Amino acid sequence: MEKYKNEELRKQIVKEGGKWIGEQNFWLFGTAKYGDGTMISREKAEKDASRFFNKLDRVLIKGKDLANDIRLDRIVIIETGRTRSNIHIHF
């Protein structure tokens, strides 16, 4: 019975979380996948995501805004997939 309760809670969190993210009006969504996500550590994925968004900020935000540490608003989710071993990144 405990597993059933946890699954219902997970579904509710996914539903409500998806609703909340949709309300934030982000204009860019994406998924970054590795050729073989099973060979990547979470730490590596975090560094890669950080590097990607730093480069994206430099391209889209110019001059004094970037110098004043203004960045794109973002939500980054690192997932492991159904097998819990295939790391990929949603943003």
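Arg 84 is exposed, with 59% relative accessible area; exposed means over 50%, buried under 20%, and partly exposed in between, using a 1.4 Å probe and protein chains only. The model is predicted: local features need pLDDT of at least 70, side-chain atom pairs count only at pLDDT 80 or more, and totals for chains, interfaces and linings use all residues. Residues are numbered from 1 along each chain as its sequence is written, and side-chain values use heavy atoms, without hydrogens and water.

Arg 84 sits in the loop that runs between strand 2 and strand 3. Helices (H or I, at least four residues) and strands (E, at least two) are DSSP runs, numbered from the N terminus. The phi of Arg 84 is near 65°, a positive value in a residue other than glycine. Most residues other than glycine have a negative phi.

Asp 69 also has a positive phi, near 65°, and is not a glycine. Asp 69 belongs to the loop between helix 3 (63-67) and strand 2. With 56% relative accessibility, Asp 69 counts as exposed.

The strands form an open sheet of three, in the order 1-3-2, with antiparallel pairing. Strand 1 (31-33) and strand 2 (77-79) are the edge strands, each pairing on one side only. From one strand to the next, the twist averages 20°; axes are lines fitted to C-alpha atoms, for helices over the stretch in contact, and angles run from 0 to 180 degrees between N-to-C directions.

Two strands pair if DSSP finds at least two bridges between them. Strand 1 and strand 3 (residues 88-90) are joined by three bridges in the antiparallel sense. Within this part of the sheet, Thr 31 stands opposite His 90 of strand 3.
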